[in-house]
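Subject: Structure for you to look at

Hello,

I am passing on a structure that you have not worked with before. Please open it beside this message and read the notes below with it.

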Amino acid sequence: MNRPPAGAQPTAPARGPGPSEPAVRADTAADDRARLDDRARLDGLVGEAARRLGEELDPASARADESGWDFRVVHVRAADGTRWILRQPRRPEAAALLAFEGAVLTAVRDRVPVPVPHWRLHAPDLVAYPRLPGTPAGTEDPDTLVYGWSMDPLAHPDRYLEPLARTLVAVHTTPPDASPALAARAADGTDPGAVRARTADRLARARAELPLPAAGLRRWQSWLDDDRLWPGRPALVHGDVHPGHTLVTRPRSGPPVLAGLLDWANAHVGDPAVDFVDMLYAGGPAVLDRLLAAYRAAGGEVRPGLREHVLARADFLWVHVALRGLDTGRPAWVETALSRMAP
């Protein structure tokens with residue numbers, strides 16, 4: 001609502017209560033009730049987590065983060081000062097991801113060079129773990145889906161991009177027998193053609209449900225048909241590597257340092273290229289090239305055509321976002337994704 005400048009005089013005589021005032025009061029009352037309901041749900045979640053953990057959590061310190069696509073996140077402090085993260089699935093299909101995510105975290109915890117979440121409570125409806133140190137390297141605007149960096153990822157690659165590359169190499173080379181859940185998933189995804197087939201299925205669905213640009217359809221179909229671009233073997237991938245899921249700490253002197261990798265909910269056995277797409281989107285080709293160089297130096301396989309494949313996946317990213325918007329009832333995401341698809 002536009003307001004007159006402070007101290008401005010009204011341009012019309014003041015009026016008494018008019019016909020719209022009851023509606024305004026009703027809207028205010030509804031907003032107040034909604035805030036009270038949200039607070040009650042938050043207090044209830046904190047209380048339930050405290051009971052299951054056997055920890056004294058302070059409900060007054062709880063802060064909800066609603067930005068996640070699959071999980072509602074709550075930050076809360078315990079009586080001893082420990083900061084906890086509570087994650088609650090938004091939908092049944094998100095809850096189904098938790099079992100595999102927990103298995104992946106167990107499999108990679110001692111392999112990766114940076115900390116990952118250590119779950120102290122793992123149930124289908126709630127996960128809790130002590131918060132890792134550091135702050136996100138960037139945040140995503142929930143409406144425009146544009147990242148804003150809290151640091152320059154290229155300024156000191158030895159502190160951020162290079163340890164991130166070493167982390168990705170460790171993840172992508174995790175052996176299938178690291179856990180029974182991972183072995184079962186790997187057995188289901190050993191066909192290299194399965195990755196391409198799933199992508200083709202998503203394109204077919206998007207073509208049926210969305211007004212995709214003709215030029216985009218031609219690009220994406222050409223990419224799908226190019227045998228040299230697709231991986232010869234699937235690997236374990238994080239699935240959602242972007243600035244908001246990388247934590248950095250800031251020493252008293254010196255640049256920020258990578259200090260953790262969060263949110264493994266999208267971990268799966270698939271195409272390693274997916275772990276470079278969001279960093280390309282967030283930081284541009286210069287960040288991608290520096291990350292790929294560090295990945296190669298750390299022992300990662302940078303096969304011919306990988307960069308081109310990552311660029312194509314980044315172009316196709318907006319198809320995924322549009323479908324996700326349809327599936328989660330977020331029309332703004334659909335509109336944003338369609339507007340980002342190059343003609």
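Predicted model: local features only at pLDDT ≥ 70, side-chain atom pairs only at ≥ 80, totals over all residues.

Strands

An open sheet is built from 5 strands, in the order β1-β2-β3-β5-β4, with antiparallel pairing. Its edges are β1 (57–65) and β4 (121–123), each of which pairs on one side only. On average, neighbouring strands in this sheet are turned by 20° against each other, direction ignored.

Another set of pairings involves β10. Strand β6 (residues 135–136) pairs with strand β10 (residues 246–249) in the antiparallel sense, over 2 bridges. Within that pairing, Thr135 stands opposite Val248 of β10. β10 is also joined to strand β11 (residues 257–261) by 4 bridges, and these two strands run antiparallel. Here Leu247 has Gly260 of β11 opposite.

Helix α2

Helix α2 (residues 92–108) lies across β2, β3 (83–89), β4 and β5 (126–130), and runs at about 130° to β3. The helix has 17 residues and reaches 25 Å from its first C-alpha to its last, which is close to the 24 Å expected at 1.5 Å a residue. There is a bend in α2 of about 30° at Ala99. Several residues of α2 are buried, including Ala94, Leu98, Phe100, Leu105 and Val108. The run from Phe100 through Glu101, Gly102, Ala103 and Val104 to Leu105 is also among the buried positions.

Salt bridges

How many salt bridges does a search of the whole structure find? The search finds 19. A few of them are described here.

Asp158 and Arg159 meet through their side chains in a salt bridge, at 3.7 Å from N to O. Asp158 is partly exposed, with a relative accessible area of 43%, and Arg159 is partly exposed too, at 30%.

Asp227 and Arg196 form another salt bridge, at 3.0 Å from N to O. This pair links distant parts of the chain, 31 residues apart: Asp227 is in the loop between α6 (214–225) and β9 (235–237), and Arg196 is in helix α5 (residues 192–209). Asp227 counts as exposed at 55% relative accessibility, while Arg196 is partly exposed with a relative accessible area of 22%.

Arg307 forms a salt bridge with Asp289, and the closest N and O atoms are 2.6 Å apart. Here too the pair links distant parts of the chain, with Arg307 in helix α9 (residues 306–328) and Asp289 in helix α8 (residues 285–297), 18 residues apart. Both ends are partly exposed: Arg307 has 35% relative accessibility, and Asp289 has a relative accessible area of 34%.

There is also a network of salt bridges, which links Glu48, Arg51, Arg52 and Asp125.

Residues in loops

Gly232 is placed in the loop between α6 and β9, the loop that also holds Asp227. At 59% relative accessibility, Gly232 counts as exposed. Gly232 and Arg303 are 71 residues apart in sequence, but their C-alpha atoms are 9.7 Å apart in space.

Most residues other than glycine have a negative phi. Leu145 is not a glycine, yet has a positive phi of about 60°. Leu145 is in the loop between β7 (138–140) and β8 (147–149). Is Leu145 buried or exposed? With a relative accessible area of 2%, Leu145 is buried.

Asp263 likewise has a positive phi, of about 50°, although it is not a glycine. Asp263 lies in the loop between β11 and β12 (268–270), and counts as partly exposed at 24% relative accessibility.

Regards

Note on methods. Residues numbered from 1 in each chain as written. Heavy atoms only, no water. Salt bridge = Lys/Arg side-chain N within 4 Å of Asp/Glu carboxyl O. Buried < 20%, exposed > 50% of the residue type's maximum accessible area, 1.4 Å probe, protein only. Pairing = 2+ DSSP bridges. Axes fitted to C-alpha atoms, helices over the stretch in contact; angles between N-to-C directions. Contact = heavy atoms within 4.5 Å. Expected span 1.5 Å × (residues − 1). Bend = angle between axes of the 7 residues up to and from the residue.
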